[in-house]
Amino acid sequence: MTGTILVVLPTLGDRLGTLAETLEAINAQRSEVDLHLVTVMPEGAAEARQLAQQFGATVVVDPRQGISSAINEGIEAATDETYYAWMGDDDLFRPG
């Protein structure tokens, strides 16, 4: 596959353990694909924000209008990506 992938990850920032696992699974894909990670979370989710930034994520403030609005907000942060995907903060990418 050629082209950069935008991965949008909406989270409330209250499940740090599963969020960390999800971020690890996304990060593991970087050796095989070029991806840009955008996390969408409430402004007050300081620990989740710090965790996401450790994984090189762009952090966007959640508009607090539901999951669809959060995903759309993440997509708005796209730059020149060819594809996009979104996943929950308790989902994992399978290796490869």
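**Close-up 1. Histidine 36 in strand 2.** Histidine 36 sits in strand 2, residues 35–41 (helices are DSSP runs of H or I with at least four residues, strands are E runs with at least two, and both are numbered from the N terminus). A quick note on what you're looking at: this is a predicted model, with local features needing pLDDT of at least 70 and side-chain atom pairs counting only at pLDDT 80 or more, while totals for chains, interfaces and linings use all residues. Residues are numbered from 1 along each chain as its sequence is written, and side-chain values use heavy atoms, with hydrogens and water left out. Histidine 36 counts as buried because its relative accessibility is 15% (buried is under 20% relative accessible area, exposed over 50%, partly exposed in between, with a 1.4 Å probe and protein chains only). Its side chain makes a polar contact with the side chain of glutamate 81 at 2.7 Å, and another of 3.0 Å joins histidine 36 to the side chain of threonine 58. A polar contact here is a pair of N or O atoms within 3.5 Å; within protein, one must be able to donate a hydrogen and the other to accept it, and residues adjacent in sequence count only if both atoms are side-chain atoms. Setting aside neighbours within four places in sequence, histidine 36 is also in contact (heavy atoms within 4.5 Å) with residues including Thr4, Ile5, Leu6 and Val7.

**Close-up 2. Aspartate 62 in a loop.** Look for aspartate 62 between strand 3 (58–61) and helix 3 (67–76). Aspartate 62 is buried but has no salt bridge, and the nearest side chain of opposite charge, arginine 64, is 4.4 Å away. For a salt bridge, a side-chain nitrogen of Lys or Arg has to be within 4 Å of a carboxyl oxygen of Asp or Glu; Lys and Arg count as positive, Asp and Glu as negative, and His and the chain ends are not counted. The aspartate 62 side chain does reach the backbone nitrogen of arginine 64, at 2.8 Å. Beyond neighbours within four places in sequence, aspartate 62 is in contact with Val40, Met41, Pro42 and Ala70.

**Close-up 3. Alanine 25 in helix 1.** Alanine 25 belongs to helix 1, residues 16–28. With 11% relative accessibility, alanine 25 counts as buried. Leu92 and Phe93 touch alanine 25, leaving out residues up to four places away in sequence. Alanine 25 and aspartate 91 are 66 residues apart in sequence, yet 8.7 Å apart in space, C-alpha to C-alpha.
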